[in-house]
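Subject: Handover of a structure and notes on it

Dear colleague,

Please find below the structure that I am handing over to you.

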Amino acid sequence: MRADPGTATPALSVVHEMRLTWRYASGTAMERFLAGLAERRIEALRCGGCGRRYLPPRPFCGRCRLRLSDWVPVRDEGTLDAWTVVHLPIVDARTGEPRPVPYGMGLIRLDGADTTLNHYLAEADPDRLAIGLRVRAVWREELRGALDDILHFEVVP
Amino acid sequence: MRRVAVVGTGQTRHAKAREDVSQPELVREAARAALEDAGIGPAEIDAVVLSNMELFEGRALPELWAGEGAFAAGKPCLKVATGGTSGTSACIAGFHLAASGLFDVVLVAGFEKHSEGHTQTGMALTDPFWDRAVASGAVGNFALSISQLQAERGITEEQAALVAVKARRNAARNPHAHLQMAELTVDEVLDSRMLAHPVRMLDMCPQSDGACAIVVASDEPARRLCPRPAWVRAAVTRHEQPYLGDVDRRLLTMRTLRDAARAAYDAAGIREPLRELDVAEIYEPVTYAELAWYEALGLCEEGEAGRLIEDGVTAMDGELPVNPSGGVLSTNPVGASGVIRVAEAALQIHGRGGERQVEGASTALATGYGVYAWSDVVVLQAEAA
Amino acid sequence: MSVAVAGVGESGPALDDPRSIPEIVLEAVEEALQEARLGFDSVDAVVTASVDLLDGLTASNIAVTEVVGAVLKPETRIAADGLVAAIHGSCLVRAGAYETVLVVAHGKASLGPYWELTSWALDPIFLQPLGLDFLACAGLQARALAEDDAAAEQRWARIAAERRRAAAAHGVAPACTAEDVLASPAVASPLRRESCAPLADGATAIVLRAAGPAEPGVHLGGVGFDLSPHALGERELTEWDGLRRAWARALAVHGTRPTLDVAEPSCVFAYEEDLFRHALELDPGTEVSPGGGLFAGFVPVAAGLSRLAAVVRALRGPGGLRAGVAHGTWGPAGQGQAVAILEAA
């Protein structure tokens, strides 16, 4: 150990590059939700206990500790519940490349859902964003059954 | 729960990159310091608990390699990993092991060597069908919730900047801290680079290389080993639903922290936390979170957090010094950060705080925060129950 | 005060389970609670076991928080074999911190390249660059054992065949003969494909409760665990010293040495049974892996907890068995070891 921690150069280092592949199962609830997206349809699962309509849909309400099976329709329009404009380039896990900045992000409460959806916003000017704004989904032309079938949300004029 | 106490603490010098040591050596540095502080040798450790978020270093089961740094070879050793709360949860696991009657002396060691991996990638393995498709990263996720805090509580960028200044100035009196900025000003914070509106570079915690260890002992050995043991009066964990959008107005409600704090205060017999706590080491990854935690911890009424920081109530010479160490905002080796909170709280009770000592501290709070809204709350006291 | 196992539940082992991790875990949890005749609300704390890199998830316990009923409750996640999580859960009860603790371990080998993933658990400076993984380390250990024992490979083939036969009805792989084992391709010589337990997906859940020492049911008695030095060269490879230490601790906690009717070791490789028997100085009368053990399906991380569940079922069965031992191991060549004594009261 050297006397000057934090500034000394390494005596030895080994470089490992990690390339790993995982194959994730969506689960029954997410599978139906994603299939719906491919047809521009958004559905949530409603809890029979607390009545919360969950996005993302999941097998189980963690609050009531009950299984979920009651599907309800959700609109592709809703209210902005929180927002930010991101300036720090972060790696887009889908492409492995940093996403171009700045870009808007929001938590959107879609009409018909009780939880919020985090997604990109078309608007990236802080002065034109506010909690409570109405926003609507802008869909990709070729739908694939993934959350990014929605490109982003735009402010409803 | 049976009586247990923290009887020794130790930590490394934390830095952006500790290239002079390997991961096991980093752990060894903290573990050795904790044992020296407790006045014991490795043979007296009955069990070891490690804390580390292995994906940040691109590893699996890191205790297998780095555990020997904590003198774990030939001993019972387990690793706790729960995101940001890993360190506090590891300490709580250590308390439970020492209280179980199976082990008398337990060493808890947390570490992270962010410089050896790729933290952003390690954090990016969220739900592959949901968050991964629309990642905003840790900063962006905080910023979203902060927009609600600003809108409903009127928290200003200046008030947040005051938290940043307090943290880094306190850190200048902590020889272990990573970011030590004795002269930092509010203007410098407000002039720092925008990361995700309204969060600026100096509002955020750094990524640090570092390790921290504590020695936990059950009743009898605690009295033997430490002139003023830091007795565990409460150790509470509360977890939340898994998605960011599951928690309404996350920073404002923070029901896990509220619930955990209430349970911890009840266990420790605390009615007025601001008055009865002597020092707090809370897990604040971003300035705004500290202000939100003031409310959730019951240190002030709703909407009063900004006034608390403006009036210096939580400054070193205030009624309740919060984060004399400089906090997570100054030092953040994730797997160690929670252990640091508990160690710093214990060190205050031991009276070994040096320049950052709060005079006569006898009741100390430590908290952990992780994932979107997971909380740990620990209360330590000079008086056993 | 004693710790009772009030319920056990299991999902799998299954080959390539198409369900998501939370779905698999929920099945095991609901079964364990049902057996214990308890609702989620009766659970005071949860201990889960999982490993991020194996699941391909950051803090993979996030994925199961809801289905283990941990929302607004204490939960902690142990990143090691599930038997360690059970031991930790028993410490929560012994400490007087909680009365009822749910312990859950899950693994999904079909998610990723399991053995390749284990290479990332090896010392990145001195071991990983050699291209080793847990399978190769096991090969080195088996080779060390076979070196002075000409009959070893034949014996291991017989053990593997016996376990495979016992597991065939409920496991993920068909029965085979010792000849089949010896004829199967080497995976890490002298290990052969059929002398290794088949990888599988699954989850195990157990409910632990504070109980009086004489309360009817199965009690979790002495427990012990251990971590050996990492470097293979620092260990006597032909022994499981770590298990010997863990067993000594378990016996010390237990107070007496019970007569073991049944043993459920976590043997992924047939040769490991030799090491297990030796470390515990197992009486020849103890029945080992009556259901085929992990040869029914090796679910990483959940393996040790599934062994505990198997012992509990055996002790509850009609055979009048009184005591058994469950074993878990993780890391290269048995670096991590855990053992638990279970007794019928």
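In chain B, the C-alpha centres of domain 1 and domain 2 lie 23 Å apart. Domain 1 of chain B covers 4-119 + 208-225, and domain 2 of chain B covers 136-206 + 231-381; such bounds come from an automatic or database domain assignment.

Before going further, please note that this is a predicted model, in which local features need pLDDT of at least 70 and side-chain atom pairs count only at pLDDT 80 or more, while totals for chains, interfaces and linings use all residues. Residues are numbered from 1 along each chain as its sequence is written, and chains are lettered from A and ligands numbered from 1 in the order in which they are written.

The two domains of chain B

Contacts join 38 residues of domain 1 of chain B to 34 residues of domain 2 of chain B (two residues are in contact if their C-beta atoms, placed from the backbone, lie within 7 Å). On the domain 1 side, at least two residues each come from β1 (4-11), α3 (86-99), β4 (105-113) and β7 (209-218) of chain B. Here helices (H or I, at least four residues) and strands (E, at least two) are DSSP runs, numbered from the N terminus. Of these elements, α3(B) gives the most, with eight residues. The domain 1 side holds 16 nonpolar, 18 polar and four charged residues. In this classification Ala, Val, Leu, Ile, Met, Phe, Trp, Tyr, Cys and Pro count as nonpolar, Asp, Glu, Lys and Arg as charged, and the others, Gly among them, as polar.

Contacts between chains

Between chain C and chain B, 50 residues of chain C are in contact with 47 residues of chain B. The elements giving two or more residues to the chain C side are α2 (52-55), β3 (75-78), α3 (82-94), α4 (114-118), β8 (218-227) and α8 (241-254) of chain C. The most comes from α3(C), with five residues. By class, the chain C side divides into 28 nonpolar, 13 polar and nine charged residues.

Chain A also meets chain C: 18 residues of chain A are in contact with 20 residues of chain C. The chain A side of this meeting has eight nonpolar, six polar and four charged residues.

One residue of chain B deserves a note of its own. M1(B) is placed in the segment before β1 of chain B, and it touches A99(B), A95(C), G96(C) and A97(C), not counting residues up to four places away in sequence.

Chain C as a whole

Chain C contains 10 helices and 12 strands. Its C-alpha trace spans about 55 × 45 × 40 Å along its principal axes. Of its 345 residues, 66% count as buried.

Within chain C, strand β7 (residues 201-211) is largely enclosed by the rest of the structure, because 10 of its 11 residues are buried. Strand β1 (residues 2-14) of chain C pairs with β7(C) in the antiparallel sense over 10 bridges (two strands pair if DSSP finds at least two bridges between them). In that pairing, V3(C) stands opposite A210(C). Strand β4 (residues 100-108) of chain C also pairs with β7(C) in the antiparallel sense, over nine bridges, and the bridge partner of H106(C) is A203(C).

Helix α5 (residues 134-147) of chain C has several buried residues, including F134(C), C137(C) and L145(C). The buried residues of α5(C) pack against α4, α6 (152-167), β5 (186-188), β6 (191-192) and α9 (272-280) of chain C.

The sheet of chain A

Chain A has an open sheet of three strands in the order β2-β1-β5, with antiparallel pairing. Its edge strands, β2 (53-54) and β5 (70-74) of chain A, each pair on one side only. Strand β1 (residues 42-46) of chain A and β2(A) pair over two bridges, with R46(A) opposite R53(A).

Yours sincerely

Definitions and conventions: Buried ≥ 20, exposed ≤ 12 C-beta atoms within 10 Å, placed from the backbone.
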